[in-house]
Amino acid sequence: MSGPSTSAFGDRRSTAALVALAVAAFCYVTAETAPVGLLGEMAGDLDVSLSQIGLLVTGYSVTVAVVTLPLVKLVAKVPRRPLLLALMAVMVLATAASAAATQYELLFAARIATALSQAVFWGVVGPVAAGMFPVHVRGRVLAVVYTGGSIGPMLGVPAATWLGQRAGWQAAFLALAAMGLVALGTLFAALPARPTRNEHAGRGTVPDARRFALVLLTTVLSVAGFFAVYTYTSEVITAVAGMSAAMLGPLLLVRGVADFGGIAAGGVLSDRSQRLAVVLPLVLLTAVFAAMWLFGASAWVTGGAIVLTGLSMGMFSPALQNRVMEFAPGSTDTASAANSVAFNVGIALGSSLGGLTLVHGGAGSIALTGAVFAAAAVVTGLVTTEPARARAAAAV
């Protein structure tokens, strides 16, 4: 995705601030899911179980899911420039504290602090970014920010895995803290004190509370299915497929490339049929997890399945956001915040159920858990019918 040019979007300071917000989004998403690729290293160093390291992802997601809406309401009247600078400062310090933690409890506390700042960040970053630019480029501006977040699982986690396996998991967290510090410095220099064009606010194109609730349920189920498997990818490839742990980084990197390709394909498909764009990648995800459960002992099947999860979730992301924008019963900002909560509920549910499956059913059963939830998401996606007005517009 190409970034905004100063001629098309505005002044260079605003563009620099926008890029810094995208980098901040990248740091947050990578920090949230970095333990996925470092399960063994972190568990061994801290002398805890793999499922306890998985809880670092679960606890983070639960925190974001629970506090996002109340914290965003609490800071509603706080000026956005000092608020964002404070949030980034917390992110940098807490991530550095994660790297310095020598006990599991201290690491858990540091990650909760990061999660608290992330909860507010996702609630305010969209309006702040959009407010720096004219309304006619709002979509592209928000795309830049959220692409930063999308790159986290695509490139951030594989990079953190690679660095953590070679220099220790602490090095991965220190690198994220350093990136966050660069973003903080850029925001301090470039973020305007008061956005001048933040009066525009989006509304759902076909507001429908029932369909919007189904979209949120689809989010929870699909993300839960994905993260049940994704959180324990390292255990699946080593204990089930018999692959070397050194293959995790390259696999996640290739998966990230597939994710990026899926985003492009999903955007095109979503313009043609939003319902199909939601259901098709979920059908693929269900089939992939089913194949992993049945034939996971094959390194080729497991490796290919992991890559295909990137393609399916990449396709699903733009379709999901399109659904949120379509059925939002009120402000699209509030709707997006609600979907963010649903997303993190899904992460927490999936990672915790994946951990329970690992403990009670073994690594070979994790893919079955993912398949069950993905299949349930297919059902809710199919139940979310097209509204009459949308069908009429498509027929014109």
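What percentage of the 396 residues in the chain do buried residues make up? Buried residues account for 55% of the chain, where buried means under 20% relative accessible area, exposed over 50% and partly exposed in between (1.4 Å probe, protein chains only). The model is a predicted one, in which local features need pLDDT of at least 70 and side-chain atom pairs count only at pLDDT 80 or more, while totals for chains, interfaces and linings use all residues. Residues are numbered from 1 along each chain as its sequence is written, and side-chain values use heavy atoms, with hydrogens and water left out.

The secondary structure consists of 16 helices and zero strands; helices (H or I, at least four residues) and strands (E, at least two) are DSSP runs numbered from the N terminus. Of the contacts in the chain with a separation of 6 or more, 85% are between residues 24 or more positions apart, a contact being heavy atoms within 4.5 Å.

Two packed helices are described by the angle between their axes and the distance between the axes. For helix H2 (residues 12-33) and helix H6 (residues 104-131), the axes come within 10 Å and cross at roughly 145°. Axes are lines fitted to C-alpha atoms, for helices over the stretch in contact, and angles run from 0 to 180 degrees between N-to-C directions. The crossing of H2 and H6 is left-handed, a term used if the near helix is turned anticlockwise from the far one by less than a right angle, with clockwise giving right-handed. H2 contributes Leu18, Leu21, Ala24, Ala25, Tyr28, Val29, Ala31 and Glu32 to the contact, and H6 contributes Arg111, Thr114, Ser117, Gln118, Phe121, Trp122, Val125, Val128 and Ala129. By class, twelve of these residues are nonpolar, three polar and two charged. Here Ala, Val, Leu, Ile, Met, Phe, Trp, Tyr, Cys and Pro count as nonpolar, Asp, Glu, Lys and Arg as charged, and the others, Gly among them, as polar.

Glu32, in helix H2, counts as buried because its relative accessibility is 5%. Leaving out residues up to four places away in sequence, Glu32 touches Val57, Tyr60, Ser61, Arg111, Gln118, Asn344 and Ile347. Glu32 and Val57 are 25 residues apart along the chain, and their C-alpha atoms are separated by 6.3 Å.

The largest nonpolar core has 72 residues, and those with the most contacts inside it are Met42, Ile53, Leu107, Trp169, Tyr230 and Met292. A nonpolar core is a set of buried Ala, Val, Leu, Ile, Met, Phe, Trp, Tyr and Cys residues joined through side-chain atoms within 4.5 Å. Helix H9 (residues 209-230) gives the most to this core, with eleven residues. Tyr230 touches Val36, Pro153, Val157, Leu252 and Arg255, not counting residues up to four places away in sequence. Another core, of 41 residues, lies apart from the largest one and includes Ala25, Tyr60, Leu85 and Leu191.

In helix H3 (residues 39-46), the buried residues are Leu39, Met42, Ala43 and Leu46. These lie on the same side of H3 because they cover an arc of only 100° around the axis, the arc being that of the directions from the helix axis to the C-beta atoms. The buried residues of H3 pack against helix H4 (50-74), H6, helix H8 (169-190) and helix H10 (233-240). Asp47 lies in the loop between H3 and H4 and, although not a glycine, has a positive phi of about 60°. Most residues other than glycine have a negative phi. With a relative accessible area of 68%, Asp47 is exposed.

Ala363 is placed in the loop between helix H14 (332-361) and helix H15 (366-383), and counts as buried at 12% relative accessibility. Apart from neighbours within four places in sequence, Ala363 is in contact with Glu235, Val236, Ala239, Val240 and Leu358. Ala363 and Trp293 are 70 residues apart in sequence and 9.7 Å apart in space, C-alpha to C-alpha.

Ile263, in helix H11 (residues 248-272), is partly exposed, with a relative accessible area of 27%. Ile263 touches Ser150, Met154, Gly314, Met315 and Pro318, not counting residues up to four places away in sequence. The C-alpha atoms of Ile263 and Thr147, 116 residues apart along the chain, are separated by 9.9 Å.
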